[in-house]
Amino acid sequence: MKALSQRRRHPLAALALLLMALLFTGSLYAAASSANQAQAQTTTASEDEVEEGNKLFVANCASCHGIGATGSDAAPSLVGVGAASVDFQVGTGRMPMQMDGPQAQAKPVQFTDEQVGQLAAYVASLGAGPAIPSEEITDASQGDPAHGGELFRVNCAMCHNAAAAGGALTRGKYAPSLADVSEKHIYEAMVTGPQNMPVFNDANVSPEDKQDIIAFLKTIEEQGSPGGADLGSLGPVSEGLFIWVAGLGVIIAFTVWLTSRSS
C-alpha cells in the first residue's frame, strides 16, 4: 500500500491525469462533431446531379469561388457550407451577384429549380454541411406562432425589426424584410447565416423552435396591419414624424384659411 501511495504521488502523475482528461475531452468532441456532420447532410444526391452541378458551377461560379470551390480573393470557399447555403443564395437570386457591393441583394432567380438542386448537390459533395430542410420541419401550420414571436423578438428583431420589416445596418449593409420569403428559405437562412446574419444551429435554436419562428412570420404576414397604415413598421419614429407633418400641415392650412377670411 505504501508503494502504491508513493506511485500515485509521482511528479508525473498530474501530467498523466491532464493528458487523460485531454484525450477524454477530445474523444467526446470528435464524437459530437461526427454526429453533427452526420445530421447536417441528410439528403443524398446522385452522381449525375453532382456532375451536372459541377458543370454549372464551372460555367457560372468558378470565376469567383475558384475551381473546386476552394475560394479566391473575390469570394470565399464553399467547402463545407452545405446544400442549404447554395439553395438559399442561388434560390433567392442573391447568387450569382449582379454587382459588387456591401452584400448580395435578392433579385430574380437565374436558374431553374432543377439547376439549383444540382448546384447544391455539387457543393454538398465537397464537404458536410447543413442540408436542405424537409417540408415537414418547415410547415408553418405545425408551429406555435406565439412561442415563435418570443424567439423572434429575442434573437432577430434587433436587426429585422419587430414586425420583420427589415432595417439598416452599418457600412451600407441591411437586414432584409422577411415578407414573402418562403418557409424553406427562412429555415435555410437560420442554419447557414447568410451575409451578416449569425448561424442559429440546432444547439442554439432547435428545429422545432425554428418552425415556431416561421409560423410567427407567416402569421403576421397573413394578418397584415390590423391598425391601418403601417408607415414602414418603424414604430414611433415614423408615427411621430407623420403626426408632426400632418399636424403642422393642418395648422398651416387653418392659418391660411383664417387669413384669407379676414382679408
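## Why is it called that? A predicted model, question by question

Q: Why is Q105 called partly exposed?
A: Its relative accessible area is 45% in this predicted model. Buried would need a value under 20% and exposed a value over 50%, so Q105, with 45%, falls in between.

Q: Where does Q105 lie, and which residues is it in contact with, leaving aside its neighbours within four places in sequence?
A: Look in the loop between α5 (82–91) and α6. With those neighbours left aside, Q105 touches G93, R94 and Y174. R94 is eleven residues away in sequence, yet the two C-alpha atoms are 5.3 Å apart in space.

Q: What makes T92 count as buried?
A: T92 has 13% relative accessibility. The cut-off is under 20%, so T92 counts as buried. Like Q105, T92 has its place in the loop between α5 and α6.

Q: How do you know that the side chain of T92 makes a polar contact with the backbone oxygen of F88?
A: The side chain reaches that oxygen at 2.7 Å. A polar contact asks for N or O atoms within 3.5 Å, so this pair qualifies. Setting aside residues up to four places away in sequence, T92 also touches D87, A106, K107, V109 and H185.

Q: What makes α5 largely enclosed by the rest of the structure?
A: Count its buried residues: ten of the ten are buried, so the helix is largely enclosed. Among them are G82, V86, F88 and G91. The cover includes α6 and α9. Just after α5, G93 takes a positive phi of about 85°.

Q: Why is α9 called largely enclosed as well?
A: Eight of its ten residues are buried, so α9 gets that description. The buried ones include H185, Y187, M190 and T192. For α9, the cover includes α5 and α10. Just after this helix comes G193, with a positive phi of about 65°.

Q: How do you know that T192 is buried?
A: Its relative accessibility is 17%. T192 is found in helix α9.

Q: What is T192 in contact with, leaving aside its neighbours within four places in sequence?
A: A84, S85, P130 and V199.

Q: Why are F57 and Y122 called an aromatic pair, and why a tilted one?
A: First, a bit of background: a pair of aromatic rings is described by the distance of the centres and the angle of the planes. A search of the whole structure finds three aromatic pairs. In the one formed by F57 and Y122, the centres are 5.3 Å apart and the planes make an angle of 50°. Rings pair when their centres lie within 6.5 Å, so the distance passes. Under 30 degrees would be stacked and over 60 edge-to-face, so 50° leaves tilted.

Q: What makes this a link between distant parts of the chain?
A: F57 is in helix α3 (residues 47–60) and Y122 in helix α6 (residues 113–125), 65 residues apart.

Q: Are these two residues buried or exposed?
A: F57 has a relative accessible area of 1%, so it is buried. Y122, at 7%, is also under 20% and therefore buried.

Q: How do you know that the charged end of K210 sits over the ring of Y187?
A: It is 5.9 Å from the ring centre. The distance limit is 6 Å, so K210 meets that part of the rule.

Q: What makes up the largest nonpolar core?
A: It has 19 residues, and F152, M190, I213, I214 and L217 touch the most other members. The elements that give two or more residues to this core are α7 (145–155), α9 (183–192) and α10 (207–223). Not counting residues up to four places away in sequence, I214 touches T138, A140, E183, I186, Y187 and M190. A second, separate core has 18 residues, including C61, L78, V116 and A121.

Q: How many helices and strands does the protein chain have?
A: Eleven helices and two strands. Of its 263 residues, 30% are buried.

Terms used: Residues numbered from 1 in each chain as written. Predicted model: local features only at pLDDT ≥ 70, side-chain atom pairs only at ≥ 80, totals over all residues. Heavy atoms only, no water. Phe/Tyr/Trp six-rings, centres within 6.5 Å; stacked < 30°, edge-to-face > 60°. Buried < 20%, exposed > 50% of the residue type's maximum accessible area, 1.4 Å probe, protein only. Lys NZ or Arg CZ within 6 Å of the ring centre and 35° of its normal. Core = buried A, V, L, I, M, F, W, Y, C linked by side-chain atoms within 4.5 Å. Contact = heavy atoms within 4.5 Å. Polar contact = N/O pair within 3.5 Å; in protein donor to acceptor, adjacent residues only side chain to side chain.
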